[in-house]
Amino acid sequence: MENDKLKENAYVCYNCNHHFRISAPERLRLLADNGEYQEFSAGLSSLNPLDFPEYEERVTSAKEKSGLDEAVKTVVCKILGREAVVMVMSFQFMGGSMGSVVGEKITRGILLAAQRGLPCILFTASGGARMQEGILSLMQMSKTSHAIALLEQTRMPFIVVLTDPTTGGVTASFAMLGDVTLAEPNALIGFAGPRVIEGTIKQKLPPGFQRAEFLQEKGFVDRVVPRKDLKSTLAFLMDAHLEIQGVSK
């Protein structure tokens, strides 16, 4: 019964407003009109280019536990009647780590938005680059960033929603390249962990450091948006961006 009540409230606590982490399919159920969407680039799966020990077993286990093919799901759907390319990362799949397939799917999503003249929305949730793929994982930072530059030329909006957690190489690349950057309440957002930073600068970090509200105060996040308001906020931003750019839909 408690789980049913939580699901009805979009997995947000009634008492403390804590936003629980949700999977990519659950995110799309909440976001897409009638929960309907058309997935593309499905079935892509990571290989083991560096022959990293037990990597294939880790990927297989992640697929079984999460029910996903990879750490990102890419779809076309409507949000309050506005069609958009939506990409949703899922922390449940190997901590949302960015490997070659994640980078490829996100790049394909961005390029599809450019080709079809659609807004592009990305929900991030990641611990960073996937260590089992080494430099190939880090290459996805530049690859996705270049695709975003191509999308910009079409005047289609790229909207990023930072969810808990968004860290590492994802933060250092496509997560911070949105025309508008939103975040869910109290989401952990950063590059290195606070202990690493404190050890480097030899200073105590301020309260709330690397949380969404702190980053909004410092200008890294445009707005912290509760989950219940995300659909209407995204619809407004898509309309406003297209109107400002003079793009008719």
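The model is predicted, so local features need pLDDT of at least 70, side-chain atom pairs count only at pLDDT 80 or more, and totals for chains, interfaces and linings use all residues. Residues are numbered from 1 along each chain as its sequence is written, and side-chain values use heavy atoms, with hydrogens and water left out.

## Salt bridges

Let us start with charged pairs. Side chains of opposite charge can pair when their charged atoms come close. Here a salt bridge is a side-chain nitrogen of Lys or Arg within 4 Å of a carboxyl oxygen of Asp or Glu. How many salt bridges does a search of the whole structure find? The search gives 14, and the table shows some of them.

| Pair | N to O distance |
|---|---|
| Arg29 and Glu26 | 2.5 Å |
| Glu104 and Arg108 | 2.8 Å |
| Lys143 and Glu104 | 2.4 Å |

Helices and strands are DSSP runs numbered from the N terminus, where a helix (H or I) has at least four residues and a strand (E) at least two. Arg29 and Glu26 sit three residues apart in helix 2 (residues 24-31), about one turn of the helix. For accessibility, buried means under 20% relative accessible area, exposed means over 50%, and partly exposed lies in between (1.4 Å probe, protein chains only). By that scale Glu26 is buried at 15%, whereas Arg29 is partly exposed at 36%.

Glu104 and Arg108 are four residues apart in helix 4 (residues 100-116), again about one turn of the helix. Glu104 is partly exposed at 24%, and Arg108 is partly exposed at 37%. Glu104 also forms a salt bridge with Lys143. Lys143 lies in helix 5 (residues 134-153) and Glu104 in helix 4, so this pair ties together parts that are 39 residues apart in sequence. Lys143 itself is partly exposed, at 30%.

Elsewhere, a network of salt bridges links Arg21, Asp164 and Arg211.

## A nonpolar patch

Helix 5 is also the place of Ile135, which is exposed at 55% relative accessibility. Ile135, Leu138 and Met139 form a nonpolar surface patch with about 300 Å² of accessible area together. Patches are made of residues with over 30% relative accessible area and no salt bridge, joining like charges within 9 Å and nonpolar side chains (Val, Leu, Ile, Met, Phe, Trp, Tyr) within 5 Å. The areas come from the Shrake-Rupley method with a 1.4 Å probe, and for residues only the protein chains shown count as cover.

## A buried arginine

Is Arg130 buried or exposed? Arg130 is buried, at 1% relative accessibility, and lies in the loop between strand 4 (120-126) and helix 5. Its contacts (heavy atoms within 4.5 Å), leaving aside neighbours within four places in sequence, include Tyr55, Glu70, Phe93 and Ser137. The side chains of Arg130 and Glu70 are joined by a polar contact of 3.0 Å. A polar contact is a pair of N or O atoms within 3.5 Å; within protein, one must be able to donate a hydrogen and the other to accept it, and residues adjacent in sequence count only if both atoms are side-chain atoms.

## Paired strands

Strand 3 (residues 82-89) is mostly covered, with six of its eight residues buried. Two strands pair if DSSP finds at least two bridges between them. Strand 3 pairs with strand 2 (residues 72-79) in the antiparallel sense over eight bridges, where Lys78 has Glu83 in strand 3 as its bridge partner. The hairpin of these strands has two residues between them, and Leu80 there takes a positive phi near 50°. With strand 4, strand 3 pairs in the parallel sense over four bridges; Val85 has Cys120 in strand 4 as its bridge partner.
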